[in-house]
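I opened this model to look up a few places in turn. My notes follow in the order in which I took them.

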Amino acid sequence: MNIGRLAALALLNLLNNLLHSWHLIAVLERNFISILRSIHFPKLFSGTMDGEGDEQRDNIEHLPAEAMDEDAGEQVMGLGYEDDDDDDAYEEEDDDNASIVSTETESDNVEMDSDDGSENNYVAGYGGDYSTNSESDSEVPSTCYTSSRYPQSNIPLYIFKPHHLVKCSYKRHCPPGDYPFARSGHRVVASESHLYSLGGYNLRNSSTTLHGTGMLFQELWRYNFTTKLWVLLHNPATNRNMPRELASNALIITNNLLISYGGTGYPFGESCSNDCYIYQTQVENPSVSRIEATGDAPIPQYGPGIVLHEHYLYTIGGTTGYDYSCDVHRLNLRTRVWECVYICRPEIREDPEGRYRHEVVYDGHYIYVLGGGTSTLVYDLQRIPAFNLKMKRWDYFATLPDRSSQENATFSGQGAGYPKPRKCFSCVQHTKYNGEVEAFITGGLQGDQVYFSDIWRLNFTTKQWTLIQTAQLPKPLYFHAAAHSQNGCMYIFGGIEYDIKHSRRCNDLYKMWMTIPKLSEICWEAVLHYTPNLKMTSYTQLLKMGIPLSFAQRICHSSATN
């Protein structure tokens, strides 16, 4: 009986997905003629071959073809053209107004953030004179043939490409400066329709600004994937309950509720938090409230990892700025009582060493701890410690190297085929259709002058590492944040870009499809690609056009709030 019920539910889900896809394809079909007119199809030859008759073949020019970003007319990789070299995909001009930082150093009681900028007066959090405003992205050109008789189209052909990094050029869609300022040490989460960014740090954030405490951003921003607009949901001026310790905290999302835990104020480590906050975002009046909890709470820390298991919020590790732990605590969200689950004692048993700025992955049975470190150490990613939720003990899992990256690597020996040890990287968890859990890690740092721009995937069923060779960050990046939009797409926002000449905090946003999603999601991207003004259409008209309800709501919800 249960098997039949599950089969029926699976069939209904499949039919619903096919129905949504059919509706979106119908929208494309109705606009097929206009789409065809917008796409450039080069005419390689005229009516006759060379040497036949008096007609001449069209003059064919060899022109470099640049790939497009997700907006028509912007040059970046990922849409419409193939590319074999992603390393130079984003050569961005130096911006004199970017948030420049000096080479990062660490001490025992501070997070690795320093800056050579001076204080300036401006509204905190809004991208202003010191934001990164360069929108020029380019890649190594390939060659295409263009006939002078046919002008180049403004809208390129849409091609879905997983495992390719695309820059989201949101700034030209927003009112001037109406988006987050460049930052690091923030956290992001995502739903199917929105990206949320909480807190962060920038030394150029003056203590006299409105939306911050010192150099920290005391704000919650929301970005809409469809309209490409940011909106500031919370700051101290609109909500007095906003937490003050908003660097290197932890953030999760469940049922459109955001939950944050821990974090540090500035100077780092002088004031830490062990409080949990709940953020209501999908209501007419968004709110922030602190959970009044009792019990055996963890000590105030920053740089922890958190997961939601059943009705418990688990927290693992972190630092006070002086001491590091990998202890496990959990908060019962029903009774609001803290409980100490496990105290690590690596000096007497095989427990993981204390760490911060690690990342955690949850598969329903284990909480895996990836990387992380202290002020002087970083931990490897070959042998993964995992906390057994049922047995309440630590286990270890050996992982397998990527053989293809071993063959192409310039070094060999121990560590070849694995991502190098790191901390301050980003990690996004994704569950495949067959139930397998995968994690994608991006960037990070190992120590002085050792920074990363690579993207790796770890399958937790096979324990296999794979280097994503078709995508990498334009420059090494750390203290950034990434999130999964629940449909297979990863978004990476902000952080510190390392350059041999100088480093800078940024507010750039990138996306990468981690898998091939439902056909309806691909159709939706195609619809938005060919009809960029669809976001201006009313909700009623969207439904009349045949846009499925769930996708129309992504626009109408944004219209009401953005």
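**Entry 1: K392**

I began with K392, which counts as partly exposed at 35% relative accessibility. I noted that the model is a predicted one. K392 is found in the loop between β22 (383–388) and β23 (393–398). I then looked up its backbone: K392 has a positive phi of about 55 degrees, although it is not a glycine. I wrote down the general rule beside it: most residues other than glycine have a negative phi, and most peptide bonds are trans.

I looked up F479 next, another residue other than glycine with a positive phi, here near 55 degrees. Its place is in the loop between β28 (477–478) and β29. Is F479 buried or exposed? F479 is buried, with a relative accessible area of 0%.

For the peptide bonds, I noted the one from Y266 to P267, which is cis, with omega near 0 degrees. P267 sits in the loop between β12 (257–261) and β13 (276–280).

**Entry 2: G435 and M514**

I took two further loop residues. G435 lies in the loop between β24 and β25 (437–447), and M514 lies in the loop between β33 and α4. G435 is partly exposed, with a relative accessible area of 47%. M514 is buried, at 2%; I call it buried because 2% is under the 20% cut-off.

I also checked C-alpha separations. G435 and T461 are 26 residues apart along the chain, and their C-alpha atoms are separated by 9.3 Å. M514 and H164 are 350 residues apart along the chain, and their C-alpha atoms are separated by 8.7 Å.

Which residues does M514 touch, not counting those up to four places away in sequence? I listed H163, V428, H430, F440, H484, G488, C489 and M490.

I started with a general point: in soluble globular proteins, nonpolar side chains tend to be buried together. The largest nonpolar core here has 26 residues, and Y170, L195, Y223, W230, Y491 and L509 touch the most other members. The elements that give two or more residues to this core are β5, β9 (220–224), β10 (230–234), β29, β30 (489–493), β33 (509–513) and α4 (519–530). This core draws at least three residues from each of domain 1 (1–15 + 522–561) and domain 2 (164–406 + 415–513).

I followed L509 in detail. Leaving out residues up to four places away in sequence, L509 touches V166, K167, C168, Y170, L195, Y223, Y491, I492 and F493. A second, separate core has 17 residues, among them F425, A439, I441 and W456.

**Entry 3: the largest pocket**

I ended with the largest pocket, in which about 880 Å³ of space lies. Its lining has 31 residues, and V189, L251, I252, I306 and Q429 lie nearest its centre. The elements that give two or more residues to this lining are β5 (187–190), β11 (250–254), β16 (305–309), β20 (359–362), β24 (426–431) and β29 (481–484). Which element gives the largest share of the lining? I found that β24 does, with 6 residues. By class, I noted 19 nonpolar, 10 polar and 2 charged residues in the lining.

Methods:
Residues numbered from 1 in each chain as written. Predicted model: local features only at pLDDT ≥ 70, side-chain atom pairs only at ≥ 80, totals over all residues. Heavy atoms only, no water. 1 Å grid on protein atoms, 1.4 Å probe; cavity = no way out; pocket = protein on both sides within 12 Å on 5 of 7 lines; lining within 4 Å. Points joined across faces, edges and corners; volume = space filled by probe spheres on them. Helix = DSSP H or I, 4+ residues; strand = E, 2+ residues; numbered from the N terminus. Nonpolar A, V, L, I, M, F, W, Y, C, P; charged D, E, K, R; others polar. Core = buried A, V, L, I, M, F, W, Y, C linked by side-chain atoms within 4.5 Å. Buried < 20%, exposed > 50% of the residue type's maximum accessible area, 1.4 Å probe, protein only. Domains from an automatic or database assignment. Contact = heavy atoms within 4.5 Å.
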